[in-house]
Amino acid sequence: MNILLVGGGKLIYFLSRSFISKGYRVTVINNDRDESTWLARNVKATVVYGAWTDPQILMEAEADTADAVVAITPNDQDNLAVCQLAEMSFHIPRKLALINDPDNENIFIKLGITTVFSPVKILSNLIEQRFSFEGITCLLPVEEGKINITDVVIQDTFPVVGKKLSEIDLPDDSLIAYILRNDTPLVARGGTQLFAGDHVIVITLPENHGKALKTITGEMM
Amino acid sequence: MLSKKSLYVVIVGCGRLGSFLANRMSSEGHGVVVIDNDETSFNALTLDYSGFKLVGDADEFAVLKKGRIDQADMVIAVTRDDNSNLMVSQIAKNIFHVPRVIARILDPKRGEIYRNLGIEIVCPTLIEYDYFTKLLEKPLSESGKGNEL
């Protein structure tokens, strides 16, 4: 697979290294002469020095042979332009854009760039989820946190201890999916009783995450 | 102007062209908001400019919203950065459905590519090129300084 990386900084360096170690062919477009020279010496990638969104430079980087383009410049307008050029002039099948201003996520999607990631959003979600409570681990934010899968260890102080699942009033659109008891997974059913020490796997949405955890732990998140 | 109806115009970028357009549209009685991230750029506006000035980065969605781009009749994107102009004008056209959107694109290669996005593109380089070509096609004697070599 040929990957075209557009941008600069540490991110470009480590991403190229990581992709190359996985066996991908990497081409980098970088707009800083010294950094380009440094990258060319330190990474086994083809490095093209020039303006990120100059069609001529993209051509030199053989954008028409790329399977995916990843735009990670510090400017959202440049990332948008890279992806749109990739689409309109070079027909690159997969386009990924980094978004600095989280507000731009919906804009990019509406303008046709569907694979976007916002470090601010990902980090702030992660930080909030990690800091929320001892014994609660966010296992997996699906689609950048649109759905959260959380592991909660039931303590004997929790109001749900001894209760059946059908008696626990979780918010709409949240769900206890599995229970891990002594390392044995149990499918959660209405009649299943909860005990201290159980790990419950909770599926929530961002809007009911706090409420669901409060119902289980009895504490304000 | 054909209609006397006052328009609400958002101008992004208050450089030489942006400030010129802002002054002119304001004096014609239109409601104008001019956005630029450099406050000193507003010095180019005349004393009788009666529109609004908004300091901010037009790539930031919140700034565009503050400029009430959703209610604009016309958006003109004339910053120094082609990509900013393209992004702002696409937001205006495709998200806020602003009736008239004009962007200046300095790079002629990209002007062509973006022409089919529904945005009116003004490419100064191409305009100058056309003008120069016409000048050069004129025989020397017609150009006023007919000095045969």
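User: In this predicted model, how many residues of chain B are in contact with chain A?

Analyst: The model is predicted. Contact here means C-beta atoms within 7 Å. On the chain A side, 18 residues take part. On the chain B side, the number is 16 residues.

User: Which element gives the largest share of the side of chain B that touches chain A?

Analyst: Elements that give two or more residues to this side are helix 2 (61-66), helix 3 (82-95) and helix 4 (108-114) of chain B. The largest share is eight residues. Those eight come from helix 3 of chain B.

User: By class, how many nonpolar, polar and charged residues are on the side of chain B that touches chain A?

Analyst: Gly counts as polar in this grouping. The side of chain B that touches chain A then has seven nonpolar, four polar and five charged residues.

User: What is the strand order in the open sheet of chain A?

Analyst: The sheet has six strands, with parallel pairing. Strand 3 (46-49) and strand 6 (115-117) of chain A are the edge strands, each pairing on one side only. Neighbouring strands are turned by 15° against each other on average, direction ignored. The order is 3-2-1-4-5-6.

User: At what angle does helix 2 of chain A run to strand 3 of chain A?

Analyst: Helix 2 of chain A covers residues 33-42. This helix lies across strand 2 and strand 3 of chain A. Its angle to strand 3 of chain A is about 170°.

User: And which strands does helix 4 of chain A touch?

Analyst: Helix 4 (residues 76-88) of chain A packs on the sheet. Its direction makes about 175° with that of strand 5 of chain A. The strands touched are strand 1 (2-7), strand 4 (68-72) and strand 5 (94-98) of chain A.

User: What separates the centres of domain 1 and domain 2 of chain A?

Analyst: Domain 1 spans 2-120 and domain 2 spans 127-217 of chain A. Their centres are taken over C-alpha atoms. The separation is 39 Å.

User: What radius of gyration does chain A have?

Analyst: The C-alpha trace of chain A spans about 70 × 35 × 25 Å along its principal axes. A compact globule of 221 residues would have a radius near 17 Å. Chain A has 23 Å.

Definitions and conventions
Residues numbered from 1 in each chain as written. Chains lettered and ligands numbered in written order. Predicted model: local features only at pLDDT ≥ 70, side-chain atom pairs only at ≥ 80, totals over all residues. Pairing = 2+ DSSP bridges. Helix = DSSP H or I, 4+ residues; strand = E, 2+ residues; numbered from the N terminus. Axes fitted to C-alpha atoms, helices over the stretch in contact; angles between N-to-C directions. Contact = placed C-beta atoms within 7 Å. Domains from an automatic or database assignment. Rg over C-alpha atoms; globule rule 2.2 N^0.38 Å.
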